[in-house]
There are 2 protein chains.
Amino acid sequence: MSLSAGSSPLHSPKITPHTSPAPRRRSHTPNPASFMVPPSASTPANNPVPQTPSSGQVIQKETVGGTTYFYTDTTPAPLTGMVFPNYHIYPPTAPHVAYMQPKANAPSFFMADELRQELINRHLITMAQIDQADMPAVPTEVDSYHSLFPLEPLPPPNRIQKSSNFGYITSCYKAVNSKDDLPYCLRRIHGFRLVNTKCMVLVDMWKKIQHSNIVTLREVFTTKAFAEPSLVFAYDFHAGGETMMSRHFNDPNADAYFTKRKWGQHDGPLPRQHAGLLPESLIWAYIVQLSSALRTIHTAGLACRVMDPTKILITGKTRLRVNCVGVFDVLTFDNSQNNNPLALMAQYQQADLISLGKVVLALACNSLAGIQRENLQKAMELVTINYSSDLKNLILYLLTDQNRMRSVNDIMPMIGARFYTQLDAAQMRNDVIEEDLAKLDAGVPEKISLISRDEKSVLVVTYSDLKRCFENTFQELIAAANGQL
Amino acid sequence: MSLSAGSSPLHSPKITPHTSPAPRRRSHTPNPASFMVPPSASTPANNPVPQTPSSGQVIQKETVGGTTYFYTDTTPAPLTGMVFPNYHIYPPTAPHVAYMQPKANAPSFFMADELRQELINRHLITMAQIDQADMPAVPTEVDSYHSLFPLEPLPPPNRIQKSSNFGYITSCYKAVNSKDDLPYCLRRIHGFRLVNTKCMVLVDMWKKIQHSNIVTLREVFTTKAFAEPSLVFAYDFHAGGETMMSRHFNDPNADAYFTKRKWGQHDGPLPRQHAGLLPESLIWAYIVQLSSALRTIHTAGLACRVMDPTKILITGKTRLRVNCVGVFDVLTFDNSQNNNPLALMAQYQQADLISLGKVVLALACNSLAGIQRENLQKAMELVTINYSSDLKNLILYLLTDQNRMRSVNDIMPMIGARFYTQLDAAQMRNDVIEEDLAKLDAGVPEKISLISRDEKSVLVVTYSDLKRCFENTFQELIAAANGQL
């Protein structure tokens, strides 16, 4: 068995990472020389089995595992005087990433090391399973899903849980869909019997919405796999997400800061610093994302209805996704609107904008107490003292003067140049992740293909398998050397 | 020597990717179980050397390579009934990436496979070197830079080259700075003698600008390392970038489409489709990025002065960066403005906005012929027929009515909701790259650390080294078994 580690694109690999050779070889051959070579200067590379078909292109032929692959190779020969490395080495970080400075007015994001930890963490969560023997209440299969893993403690049947979850007892599981083997998040509504299927028109509309700030709804079904009849909403699974409630409104000290301070009485120096408050750049990063989600939803003729800290997922440092879309549309579907499930949408859309205003005000106060009706004046005073007039005006637009129709488009001018800030941050983040993808040492061993010399056999193994195999061979050989075999 | 492949964060690795253990261990320990565990339920993990200092936190102690590392470990014990994988396996692609659909109104970006090819390509370009013997004209060292590699054919001294390059013969090299071992792009101005150093005030201002759509200027110096005295601008190196000129304005057929068609005469059916023209979404993606760069530059009190297709770099599918900033500020520095290098900035900023208008119009016409003065009416007719009124109004704002002062801020309302489109695309791209970073099989073997059992020795090797070592040992053992040693 010939072992040759590595796969520089300039030579044919024998140990390659686990990828079917077909798509790799058929795809565009990287052409490091072409950026200096005019197309007319291209010459066919000196490759193992070049054949010149009628098209004039050089076709490469390779048989792997009994299968012969043909692919076009357009690699020009490197120019005289140019040397490309034929060994494996990591290029250094590009300077624009190596010297990247955090920007004061931009939301922060994970730099390489943190991102790597975050990704490893997400993997573990994605791969986590339960020991079925310890959790007999979790069924082995629900519709086409298996390997259910509870994402929240199984709920005690109390009213608080109900009130923050659509008025029903709910539970939430990671599960794998056997149709595509991908992980999904199942939101189960306990004891709900679907009597009217007309609301499925809305579910179909939701399923078409793909947006980077919305958790996509994939399907809704009823099941008897649990102890009681249940309705299940299947969403994309975003490993490691936490709710805005848990990230930002879970700190009693922050609440105390808002509730104990007598904002109206000027009984001391007003806080010039945002002591204990969130940076304005973070609040705008959230506003841009939430308004982006609302804009897409409203443009599609739907209403969000879950613009609430308990239903907004945060992954990484600042990425938001609106979760649980479509649940209210099914659970509160009113028989009286039988003929038009969309009848109340305009009204719900207005409610969405008020809800957005409340989320923003709560973030600015760093406390849910700020959005209680009796605290509104105090809360607005806090905003006036600590944040820009744009932020204050946005909250006022969303929360006051309720006689006129609001539109999510009206808040764009208040966001203004902050769009540029968000885009710059997103692009810088792209640069960091790309560099990280380039330099990678995340500690996740790759699977590799071991291909026998006659290319009839392919073994796909992990490096752990490889090591065990080497160790066994080693032991056998030592034993043989000692005459024990 | 004990070999144990892999490094699940849940156990102490013996073979780890090549990273100093210190930063990895000191960083936040991933805590896959914590998303289900309320903070009060956390219990210290059962770890090798737990010690309880006064703070009450559990400190872990580990000696690696003769050095003892201390770090805080807050990993709670996994809940009963939960099983995390202790083997290595790739989680599948998350559904939001697996089922991602291209959006009609958004710029496209590299999906995983293409991105990987692009990154491999960039690596090769970054690592490429010349054979010094074949290119004796390229010096081995220029100031603190070495390993120069020409990025453009060495220029013949002709007027066309001069006119598109600041009126001078220029050349361009990738080079490595010996101070930080990072790759940079050197733009050399042949035969330029710097007589007045007051313009260095502007260079210092440029060096402070960090923006995802601007190639950062790092330093400017004079050198005698080449055959003639030269001035060198050192920029960040963006491997694989090509100019907008080469990407979009290098196709004679596209020019013919614009120049041969008699737009004014209505002598046939007007093109309803954008046959041969760029998608409007791409043009807006460019507008957002270029206006973002201009906004940052103007806000800093500078002017771009290189808003030109030959000076705009494109990497990947749609990322733009304005290149060669600061060159004009040095080369055309006027002694008469001796006391105020910033005197002409307002005027140059106005010129930037006209230049932006020309770039946009040329993109819309898909031909540089569109921005010739005599073609302007024809060009605007093409825009009116094929693109939105927002795009037309933006071009008119930038190119006509030259009596009033323009501001880059004025075009924000014309971009409007397209900011959301760009952000959504950037975030989706982030998701794709992150997934790719998670799942990675780019064929670049990792370096690994082999740590001896007594932890006194650390070997950093590639898998190629490892394989060679195994093979040698194997051969020696076979020889020993055969009694040849």
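## A buried histidine in chain A

His298(A) is buried, because its relative accessible area is 14%; buried means under 20% relative accessible area, exposed means over 50%, and partly exposed lies in between, with a 1.4 Å probe and protein chains only. This residue belongs to helix H8 of chain A, residues 280-299. Helices (H or I, at least four residues) and strands (E, at least two) are DSSP runs, numbered from the N terminus.

Apart from neighbours within four places in sequence, His298(A) has contacts with Ala303(A), Gln349(A), Asp352(A) and Leu353(A). Contact means that heavy atoms lie within 4.5 Å.

## Basis of the model and its confidence

The model is predicted: local features need pLDDT of at least 70, side-chain atom pairs count only at pLDDT 80 or more, and totals for chains, interfaces and linings use all residues. Residues are numbered from 1 along each chain as its sequence is written, chains are lettered from A and ligands numbered from 1 in the order in which they are written, and side-chain values use heavy atoms, with hydrogens and water left out.

For the complex, the predictor gives an ipTM of 0.72 and a pTM of 0.74. The pLDDT is the predictor's confidence in each residue, from 0 to 100. Chain A has a mean pLDDT of 74, with 63% of its residues at 70 or more. In residues 1-60 of chain A the pLDDT is below 50, and this stretch has 134 contacts in the model beyond near neighbours in sequence. Residues 67-78 of chain A also have pLDDT below 50, with 42 contacts beyond near neighbours in sequence.

## The sheet of six strands in chain B

Chain B contains an open sheet of 6 strands in the order S6-S7-S8-S9-S11-S10, with antiparallel pairing. Two strands pair if DSSP finds at least two bridges between them. Strand S6 (141-142) and strand S10 (217-223) are the edge strands, each pairing on one side only.

Strand S7 of chain B covers residues 145-150 and runs antiparallel to S6(B), to which 2 bridges join it. Opposite Val142(B) stands Tyr145(B) in S7(B).

## The sheet of three strands in chain B

Another open sheet, of 3 strands, has the order S12-S13-S14 in chain B and antiparallel pairing. Its edge strands, each pairing on one side only, are S12 (242-243) and S14 (319-322). S12(B) and strand S13 (residues 312-315) of chain B run antiparallel and are joined by 2 bridges. Glu242(B) has Ile314(B) in S13(B) as its bridge partner.

Helix H8 of chain B (residues 280-299) packs on this sheet and touches S13 and S14 of chain B. The direction of this helix makes about 30° with that of S14(B); axes are lines fitted to C-alpha atoms, for helices over the stretch in contact, and angles run from 0 to 180 degrees between N-to-C directions.
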